[in-house]
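Open the model in your viewer and keep the selection tool at hand. This tour goes stop by stop.

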Amino acid sequence: MKDRKAKSNRAQADYFELLVAQYICHLYNIRFSHSKEIAMLSNQILSLPNGANRLKLQNDNLLKLAPKLKKILLFEVSKKGKIIEVIWQGRKLTIKTTSDVDAEHITHKFTRFSIKSISESGLGTIKNLGMRSLKIYLGINFQDEYKKMWKKLSAFARKPELSKRKLKLKVLKNKKLFNFASKNGKKYQIKLNQLCLRSFNKLSKENKVKFLNFILDANDKNLYVIIANSNGVITYKPLEKEVKLISSITAKSNSGVGYTIHIDNIPTYRIQTNATNGIGISPFCQRVFFVDTRKS
């Protein structure tokens, strides 16, 4: 099921982030405090179909990434002093930054890393936007619709007394309920996508720019993005991609559950509206990607 796939992808991402944290600790002779987590994730990945190859990919991508990471750290240490602590964020600060691993310097300044390990040639997700972010930046409160979605599912299952957690478990074990939840959730997914598209286009140009710079984390001068994929390693600072007040920023629909943001008529960001676990029994989110210009 999609839920299981999402969890396996999350395990691989967590494992890779911890490999990077462990590498930085090794470079600067700092105690690595997540040995149990990295062992647990390793076993979890190995239990998956083709798990040995999945684990090998993460270790190979670390080898690719290490030289560029070391170069960045040498530069940052020359400005901020030696590194005294390495912190794995584990998605705790997703509202503030997309950082996965933070290096704290003796000056109490930070160097942050958003880290992606990809098997193919893509760039991965720029940011995951939860309902809180959509409310802040787009003015959308989808809570009532979300409650309606659950109410319809509960009525179909004829289990109004069940908690969301128990109903979710029941849905995951029952094909008929699972199919209903998926179809029911898709209707609300499309509705939310349309609301976000319209709301974005109604924003002033200044607020569109603020939203895009939030997506990029362009206001975090200490953040680096490092992507290891089949083509090698890509690094950039979101600060360098800051969106300015330019002539036009418009969102255009590209599917029922997604849209593309065009900057000066150039498709630049692709937004995908999803249920967080792929089916209509969880909160919704939006995933943001760079448009792959190689396909145009």
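**Stop one: a helix pair**

Select α5 and α7: α5 passes α7 in a right-handed crossing. This is a predicted model. Helix α5 covers residues 143-157, and helix α7 covers residues 175-202. Their axes come within 10 Å and cross at roughly 160°. An angle over 145 degrees counts as roughly antiparallel, so α5 and α7 are roughly antiparallel to each other.

Now show the side chains of the contact. On α5, pick E145, K148, M149, K152, L153, F156 and A157. On α7, pick K176, L177, F180, A181, N184, G185, Y188 and K191. Colour them by type: the residues of this contact divide into 8 nonpolar, 2 polar and 5 charged.

**Stop two: Q189**

Stay on α7 and select Q189, which lies in this helix. Is Q189 buried or exposed? Its relative accessible area is 11%. Buried means under 20%, so Q189 is buried.

**Stop three: the whole chain**

Zoom out and switch to cartoon view. The protein chain has 8 helices and 10 strands. Its radius of gyration is 21 Å, close to the 19 Å that the globule rule gives for 296 residues, so the chain is as compact as a globular protein of that length. The C-alpha trace spans about 60 × 50 × 35 Å along its principal axes.

Finally, colour by accessibility. Buried residues make up 46% of the 296 residues. Of the contacts with a separation of 6 or more, 61% come from residues 24 or more positions apart.

How values were computed
Residues numbered from 1 in each chain as written. Predicted model: local features only at pLDDT ≥ 70, side-chain atom pairs only at ≥ 80, totals over all residues. Heavy atoms only, no water. Helix = DSSP H or I, 4+ residues; strand = E, 2+ residues; numbered from the N terminus. Buried < 20%, exposed > 50% of the residue type's maximum accessible area, 1.4 Å probe, protein only. Axes fitted to C-alpha atoms, helices over the stretch in contact; angles between N-to-C directions. Parallel < 35°, antiparallel > 145°, perpendicular 65-115°, else oblique. Left-handed = near helix turned anticlockwise from the far one by under 90°. Contact = heavy atoms within 4.5 Å. Nonpolar A, V, L, I, M, F, W, Y, C, P; charged D, E, K, R; others polar. Rg over C-alpha atoms; globule rule 2.2 N^0.38 Å.
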